[in-house]
Amino acid sequence: MDILNAIVAILNYVIVPATTYGAQLALGALGVTLIYGILRFSNFAQGDTMAFGTAITIMVTWGLQSLGIGFGPLPTALLALPFGIAITCALLLGTDRVVYRYYRTVRAAPVILVMVSVGVMFLMNGITRILIGVDEIKFADGARFLISAPEFKSWTGLTEPLAIRSTQAITVIVAGLLVWALFWFLAKTRTGKSMRAYADNEDLALLSGINPDRVVTVTWIIAGALATTAGVLYGLDKSFKAFSYFQLVLPIFAAAVVGGLGNPLGAIAGGFIVAYSEVAVTYAWKKVAGYLFPSWDTDSLLQLLSTDYKFAVSFTILIIVLLFKPTGLFKGKAY
């Protein structure tokens, strides 16, 4: 029974939250790697794009709730998500037309576009704070648990509880469907194949008659959809606070670099690698050790790092990968 309790504890405090967090990071990293692979620059505004899209979704959610519109056991935010995606995509397309297009026209160096994206990041952060404020917002409604701790203990008779929140299950399902749709789009549709060709060789793609403006437009639309969805799922699972999304830039880029910038499969793998590393390193393993070694008594929490330092894990992973394998585990390659 102690071994089963230890397994349940690992599931409850490591596997389930890390899988959920990894799915959120994977969607964010996919947006980063898509822009890097096709538009050829690292978009540091990704975190604040997520924040903006989530803020719009929250405000639409409040509007729907005020009208008495809900989504049954599911969060109302899922009904509001398409509106958040549409407005975020409109903002990104407007930003591209006003800001990024000029630098593409003059063929500015990638580092210039990176610095421009930093400026866009601060601008979007300010817009988000003006729109929705700086306070922490919890906007999840509907059924709270898929499996509650008391129910699990009653079913199994174990001492250790297992709880799976509805938002965690929704995150994994929605992320899985979105990833499948993205890969299908890139592999099967004419536009997706044009994007891959443009990413592989821009000059040859242009000679083949591919419309670069269409490729850029679709890229920003997909990036906006990925960022908004990732942000909303993160906010439902935890809570919304604009500055939290600003901090997410580090683990998202760590995930993209670990997998290999420009490689979508690598972005997904990198998201889960970073998530599992953060959760495992900051989890206090004393309870699990107590189940596995009942006679072992220790005052230590068996925690390598406090949760306050979880982003240090992402930073360390990023530095190690850049030092020893800068192309990433899957070798950065544009599609």
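Modeller: One definition to start: buried means under 20% relative accessible area, exposed means over 50%, and partly exposed is in between, using a 1.4 Å probe and protein chains only. Also, this is a predicted model, where local features need pLDDT of at least 70 and side-chain atom pairs count only at pLDDT 80 or more, while totals for chains, interfaces and linings use all residues. Residues are numbered from 1 along each chain as its sequence is written, and side-chain values use heavy atoms, with hydrogens and water left out.

Colleague: OK, so is Asn43 buried or exposed?

Modeller: Asn43 is buried, because its relative accessible area is 3%. It's in the loop between helix 1 and helix 2; helices here are DSSP runs of H or I with at least four residues, strands are E runs of at least two, and numbering goes from the N terminus.

Colleague: What is Asn43 in contact with?

Modeller: Skipping neighbours within four places in sequence, Asn43 is in contact with Ile35, Tyr100, Ser117, Trp220 and Phe253. Contact means heavy atoms within 4.5 Å.

Colleague: Where does Thr49 sit, and what is it in contact with?

Modeller: Thr49 is in helix 2 and is buried, at 2% relative accessible area. With neighbours within four places left out, Thr49 is in contact with Thr88, Leu92, Met124 and Ala227.

Colleague: Switching to packing: at what angle do helix 3 and helix 9 pack?

Modeller: About 135 degrees, with the axes of helix 3 (77-105) and helix 9 (212-237) 8 Å apart. Axes are lines fitted to C-alpha atoms, for helices over the stretch in contact, and angles run from 0 to 180 degrees between N-to-C directions. Helix 3 and helix 9 are therefore oblique to each other: under 35 degrees is roughly parallel, over 145 roughly antiparallel, 65 to 115 roughly perpendicular, and the rest oblique.

Colleague: Which residues make that contact?

Modeller: Among them are Gly84, Thr88, Tyr100 and Arg104 of helix 3, and Trp220, Gly224 and Leu236 of helix 9. The contact of helix 3 with helix 9 splits into 14 nonpolar, six polar and two charged residues. Ala, Val, Leu, Ile, Met, Phe, Trp, Tyr, Cys and Pro count as nonpolar, Asp, Glu, Lys and Arg as charged, and the others, Gly among them, as polar.

Colleague: And how do helix 7 and helix 9 pack?

Modeller: Helix 7 (190-200) packs on helix 9 at about 105 degrees, axes 10 Å apart. That makes helix 7 roughly perpendicular to helix 9. Residues in the contact include Met195 and Tyr198 of helix 7 and Pro212 and Ile222 of helix 9.

Colleague: Last one: what pLDDT does the chain average?

Modeller: The average is 93, and 99% of the residues score at least 70. pLDDT is the predictor's confidence in each residue, from 0 to 100.
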